[in-house]
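Me: I have a structure open here and would like to talk through a few of its features with you. Could we start with how exposure is judged, and then go residue by residue?

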Amino acid sequence: MEIKPLAQIERSIQKNYRKYIWSPFIKAIKDYKLIEEGDVIAVAISGGKDSLLMAKLFQMLHRHTEINFTPIFISMDPGFNEVNKNNLIATCKHLDLPVHFYDSDIFEVAGRISGDYPCYMCARMRRGFLYARAKELGCNKLALGHHFDDVIETTMLNVLYAGNFKTMLPKLHSSNFEGLELIRPLYYIREESIKSFTTSHGIPAMNCGCSVAAGETSSKRREIKELIATLKKTNPLVDKSIFKAAENVNVDVVLGYQMNNQKYSFLDFYDDEKIIEE
């Protein structure tokens, strides 16, 4: 499908997809205070459906909000082939997104270091690269396009493969780049809504562009995505339950937890709190 005119794309975000995209975008920003007065935000564009939509949302919000903030659109080439790279440039031009574009060799390096499972290393290297460019541009925040499904998949990945309960937070301070925060404004937006929007408007979004995304190697995240889809067949609200679980952790009835890099066991407070059977 040919990409729709820019005016139609922007109008559809606020009308046809207001309930599924624009409203949850604004809600996440308000609920988690993701954008504040004076912010200079590096909006990362990978070329995928999520980041392209996020960039457009930021641009439209900047036009209409009373909050004084500045979005700066940045993108990197981790080793795309020429077709993907040219398509990304053309798509950003059509969407009227002025992008700072940077080259890197992250695909090659991550593949060499991590072999058949390069996704984690690739993601870390990409984030470090983007943090560094954001810092150079004078930004105090970096926005990434992780959505609702990414959040619950990460939670399940940690439970089933890492043996811990950790989720993907809507914002956090960078540990290596002082003064920079990471924000995730698509936190409430479901992947199916993003897919529907980009497909119906002919936006030529790509996957991450590497061999894993092309199905040539294994991906734990893909396994979790398939597991959640299977569970939803018998419990359509299972994704909501996973998301809410991270908001409703009861430390009184867990074996242990960690806070401020300090580990605690339920035994540390067992006699003091008189934990009893309900």
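Reply: A residue is called exposed when its relative accessible area is over 50% and buried when it is under 20%, with partly exposed in between. Please keep in mind throughout that this is a predicted model.

Me: With that cut-off, is Asn261 buried or exposed?
Reply: Asn261 counts as exposed, because its relative accessibility is 73% and the cut-off for exposed is over 50%. Asn261 is found in the loop between β7 and β8.

Me: What is phi like at Asn261?
Reply: Phi of Asn261 is near 65°, which is a positive value in a residue other than glycine. As background, most residues other than glycine have a negative phi.

Me: And what about Asn260, where does that sit?
Reply: Asn260 also lies in the loop between β7 (256-259) and β8 (262-265), and its phi, near 55°, is again positive in a residue other than glycine. Asn260 is exposed, with a relative accessible area of 72%.

Me: Switching to pockets: how big is the second largest pocket?
Reply: The second largest pocket has a volume of about 280 Å³.

Me: Which residues line the second largest pocket, and which helices supply them?
Reply: The lining is made up of Lys19, Tyr20, Pro24, Phe148, Tyr188, Ile189, Arg190, Glu192, Ser193, Lys240, Phe243 and Lys244. Three helices, α2 (18-31), α8 (191-200) and α10 (238-245), each supply at least two residues of that lining.

Me: How does the lining of the second largest pocket split by class?
Reply: By class, the lining of the second largest pocket has 6 nonpolar, 1 polar and 5 charged residues.

Me: Now the cysteines. How many disulfides are there?
Reply: The count comes to 0 disulfides. Cys92, for instance, is in no disulfide, since the nearest cysteine sulfur, that of Cys139, is 16 Å away, and a disulfide needs the two sulfur atoms within 2.5 Å.

Me: Are Cys92 and Cys122 buried or exposed?
Reply: Cys92 is buried, with a relative accessible area of 5%, and Cys122 likewise counts as buried, at 11% relative accessibility.

Me: Let me look at Thr91 too; which helix holds it, and what does it touch?
Reply: Thr91 lies in helix α4 (residues 82-94). Leaving aside neighbours within four places in sequence, Thr91 is in contact with Leu52, Ile203 and Pro204. Thr91 counts as buried because its relative accessible area is 4%, where the limit is under 20%.

Me: What can you say about helix α3, its length and its cover?
Reply: Helix α3 (residues 49-64) has 16 residues and reaches 23 Å from its first C-alpha to its last, which is close to the 22 Å expected at 1.5 Å a residue. As for cover, 13 of the 16 residues of α3 are buried, and the helix is mostly covered.

Me: Where is Leu182, and what surrounds it?
Reply: Leu182 is found in strand β6 (residues 181-183), and at 0% relative accessibility it counts as buried. Beyond neighbours within four places in sequence, the contacts of Leu182 are Arg127, Tyr131, Leu142, Leu144, Pro170, Lys171 and Leu172. Leu182 and Leu255, which are 73 residues apart in sequence, are 30 Å apart in space, C-alpha to C-alpha.

Me: Last pair, Leu137 and Ile113. How accessible is each?
Reply: Leu137 is partly exposed, with a relative accessible area of 26%, whereas Ile113 is exposed, with a relative accessible area of 52%. Ile113 lies in helix α5 (residues 106-114), while Leu137 lies in the loop between α6 (119-136) and β4 (141-143).

Me: And what does Leu137 touch?
Reply: Not counting residues up to four places away in sequence, Leu137 touches Ile72, Ile74, His100 and Tyr102.

Definitions and conventions:
Residues are numbered from 1 along each chain as its sequence is written. This is a predicted model: local features need pLDDT of at least 70, side-chain atom pairs count only at pLDDT 80 or more; totals for chains, interfaces and linings use all residues. Side-chain values use heavy atoms; hydrogens and water are left out. On a 1 Å grid over the protein atoms alone, a cavity is a set of points where a 1.4 Å probe fits but cannot get out, and a pocket is an open set with protein on both sides within 12 Å along at least five of seven lines; lining residues have an atom within 4 Å of a point. Grid points are joined across faces, edges and corners, and a volume is the space filled by probe spheres set on the points. Helices (H or I, at least four residues) and strands (E, at least two) are DSSP runs, numbered from the N terminus. Ala, Val, Leu, Ile, Met, Phe, Trp, Tyr, Cys and Pro count as nonpolar, Asp, Glu, Lys and Arg as charged, and the others, Gly among them, as polar. The expected span of a helix is 1.5 Å times one less than its number of residues. Buried means under 20% relative accessible area, exposed over 50%, partly exposed in between (1.4 Å probe, protein chains only). Contact means heavy atoms within 4.5 Å.
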